[in-house]
Amino acid sequence: MPVVASRRPSAPQAATPGTGSVVLVGGGPGDPGLLTVAGLEAVRGADVVVTDRLAPLSVLDQAPPHAEVVDVAKIPRGSFTPQERINELLVEHARAGRRVVRLKGGDPFVFGRGGEEWQACAEAGIPVEVVPGVSSALAGPALAGVPLTHRTLTQGFTVVSGHLPPHAAGSTLDWGALARSGTTLVVLMGIATLPAITEELVAQGMPATTPALTVTDAGLPAQRSVSGTVVDIAAIGEAAGVRAPAVTVIGAVAALAQQLPAPVGRPRRPPGGSSAAG
Ligand code: SAH
């Protein structure tokens, strides 16, 4: 795969005709305050911003007035744009000499298909940079009051996709190894499959008393979380009407959310405004 010289836009590059560029920007979990300074700089220097559903859309106000915003969650021809078309769009706009910002939720390289976009652009000879983002895998638990590691409780964490349930065709995860890993388990895209996942974890030896928590809309005004154990978290979430986007964290650290006051001082304002406490 071609190697990219610069991974981070220290300053927006001037677009000369025919030589545009693409910046893959991780937008964080939804709170505009959790977009990085480098990500904000990239948005402010964009000619085109290609966004989707989980990106922090309020930061689009920060794009220059001439910037075109392409929401790939809304393009006609269906409820979502196929990844191949998104790749083509990035290449087409960059070939037209534009500075293209691909604004994504969380981190572009954590279940964000940023790797595919990087490859497609690199194969087309387009300069690509990446601005890492605050992944919901880390921010979701943190904003719900769960430290993913804790010196006295666990020495690591494992992040997995729950998109495919255990034993599904195409699943490559070893749920037995995960059940016995002794690390905090963080499940993304796992609301529909949570009953099957938690049942498998217990069947594979995870203690039934293991604490669990699901946080939904982390970093957004609608954020809420439900707590239980690995045995009942799926049912508790379902009864509470928990919907995607949600992150489930399973492990001893999940109990700390009930013991500690929720973290305060989350930024709630768009960049440039003063941050609100609470
Ligand atoms: N690249 C993203 C993940 C994209 S996959 C990242 O690093 O965060 C989409 C999944 O991310 C959702 O199904 C959900 O599990 C999780 N997610 C994204 N935003 C979230 C949020 N604000 N609150 C809770 N979960 C979120």
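So, the lining of the second largest pocket: nine nonpolar residues, seven polar and no charged. Here Ala, Val, Leu, Ile, Met, Phe, Trp, Tyr, Cys and Pro count as nonpolar, Asp, Glu, Lys and Arg as charged, and the others, Gly among them, as polar. Quick housekeeping: this is a predicted model, with local features needing pLDDT of at least 70 and side-chain atom pairs pLDDT 80 or more, while totals for chains, interfaces and linings use all residues. Numbering runs from 1 along each chain as its sequence is written, and side-chain values use heavy atoms, with hydrogens and water left out.

That second pocket holds about 190 Å³. Among its 16 lining residues, Gly-182, Thr-183, Thr-210, Gly-251 and Ala-252 lie nearest the centre. A pocket, on a 1 Å grid over the protein atoms alone, is an open set of points where a 1.4 Å probe fits, with protein on both sides within 12 Å along at least five of seven lines; lining residues have an atom within 4 Å of a point. Volume is the space filled by probe spheres set on the points, which are joined across faces, edges and corners.

Now the largest pocket, at about 1,100 Å³. It has 38 lining residues, and Asp-52, Arg-53, Leu-54, Phe-111 and Met-189 are the closest to its centre. Their classes split into 19 nonpolar, 11 polar and eight charged.

One of the elements giving two or more residues to that lining is α2 (83-95), helices being DSSP runs of H or I, at least four residues. Its buried residues (under 20% relative accessible area, 1.4 Å probe, protein chains only) include Ile-86, Leu-89 and Leu-90. Just after α2, Gly-97 has a positive phi of about 90°.

Key:
Buried < 20%, exposed > 50% of the residue type's maximum accessible area, 1.4 Å probe, protein only.
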